[in-house]
Amino acid sequence: MSIFRKIYSWLLDAAYVWRYEMKQVIHDEGVLMFCLVVPLAYPLIYSWIYNNETVREVPVVVVDLSHSQESRQFIRMCDASPDVHVTSYAADLDDAQSLVSRQVVKGIYYIPADFGTNLNRMQQGTVSVYCDMALMLTYKAIFQTAMAVASEMGAEIQTKLAGNYTAREDLITTSPLEVKDVPIFNPQGGYGTSVLPAVLILIIQQTLALGIGLAAGTARERNRYSDLVPIHKCYNGVGRIIGGKALCYLMVYAVMSTYLTMVVPRWFHFLQLAAWQDLLAMLVPYLLACVFFGLTVSCLVHYRENVILLMVFLSVPLLFMSGVSWPQSSIPGYWQGVSWLFPSTFGIRAYVRMNSMGASLSDVMFEIRCMWLQVGSYFATACLVYGFQVRLTKRHAQERLAHLRKKRELRLQLTNKKMTRS
């Protein structure tokens, strides 16, 4: 019977901490913004920006020093492509560079004076391509268009020189080996389908850590340690405090994670190959690891601004170290070890492989086991740091109680003196 009473007492204390933490989340505008507004709005903005997947009609400037039939053909074919739009001509390379520097155009096609002469002499002609590397999508459009046009013009020249009699012979001459370009796991070949699923998972971790850290930083800035650790439950153990706080954020992010992993991809027509049961099996350890990770980090935050600077700084490196926007095989072993400290690394890899590549639950079992290992590790570290916080809260409470007692004794002494004088 005593065991049931202990369990009942544990549940009551955890429910009290949950209600207390939920009030702090609702009343703090910063925490409410990072836990509700940002997860709701941020994915929509990102997905809407990259919804077209590819860029079209990228403006370029042409420096044509050849003024030949071949150079004009090259320019016409580039302008006719869906990715590039020739907006202007420049007399020399300096004028073209000034247009790029003023962001009027995104690239330059430089055709030298001997372009047509070399082609007519059966020599190799060259076209220089200069691109603004600030955005890789525009660079890809400009460069690939130039390569495609050059390849097609080269095929026409080969056909004329071959002296063939049939179209089949022309095809074999220009393309003896047929190569089919089939994009794997990314039918559109776009940036959104490739990277945005990883961003959605990263948003869960970052906003959770930001929300928990903001609440902890506010409590420390105001010297209200009872907001960080409910003083009424300090003497009952750390586990129920961690459990109550974790339950509060799990309830909020159970809805947010469903919205991020199932609703947003459906709205913007991203790949969805995983069943909801498999996603649930992946999201449970990921959310638990993120919550305990946020609770651990929150006890290291002394000011509200610190957690914002830390999480925003880590966002881009964590995305790169996950192996989605940068090949995992090209990441040094040291940085791969650092990435294993964060739940987002395994969460992103598991979600992308299941939802975008069609992997089964057994295929990502390594990532799921690593996330469960992080759950246990970060629960232990959260208990350690909150145990220290409990002792600190007790000390502050004892100091406050001693101060009040001393103040009461002084008041009694003053009252006794007044009574003796009267």
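**View 1. Helix α4 lies across strands β1, β2, β3 and β4.** Helix α4 covers residues 93-101 and runs at about 170° to β3. Contact here means heavy atoms within 4.5 Å. Axes are lines fitted to C-alpha atoms, for helices over the stretch in contact, with angles from 0 to 180 degrees between N-to-C directions. Helices (H or I, at least four residues) and strands (E, at least two) are DSSP runs, numbered from the N terminus. The model is predicted: local features need pLDDT of at least 70 and side-chain atom pairs pLDDT 80 or more, while totals for chains, interfaces and linings use all residues. Residues are numbered from 1 along each chain as its sequence is written, and side-chain values use heavy atoms, without hydrogens and water.

**View 2. Four strands form an open, mixed sheet in the order β2-β1-β3-β4.** Two strands pair if DSSP finds at least two bridges between them. At the edges, β2 (84-89) and β4 (128-131) each pair on one side only. Neighbouring strands are turned by 30° against each other on average, direction ignored.

**View 3. Strands β1 and β3 run parallel.** Five bridges join β1 (residues 58-64) to β3 (residues 107-111). Asp-64 has Ile-111 in β3 as its bridge partner.

**View 4. Helices α11 and α14 cross at roughly 165°.** The axes of α11 (residues 276-298) and α14 (residues 343-355) come within 10 Å. That angle makes the two helices roughly antiparallel (over 145 degrees; under 35 is roughly parallel, 65 to 115 roughly perpendicular, the rest oblique). Residues that meet include Tyr-286 and Phe-293 in α11, and Tyr-351 and Met-354 in α14.
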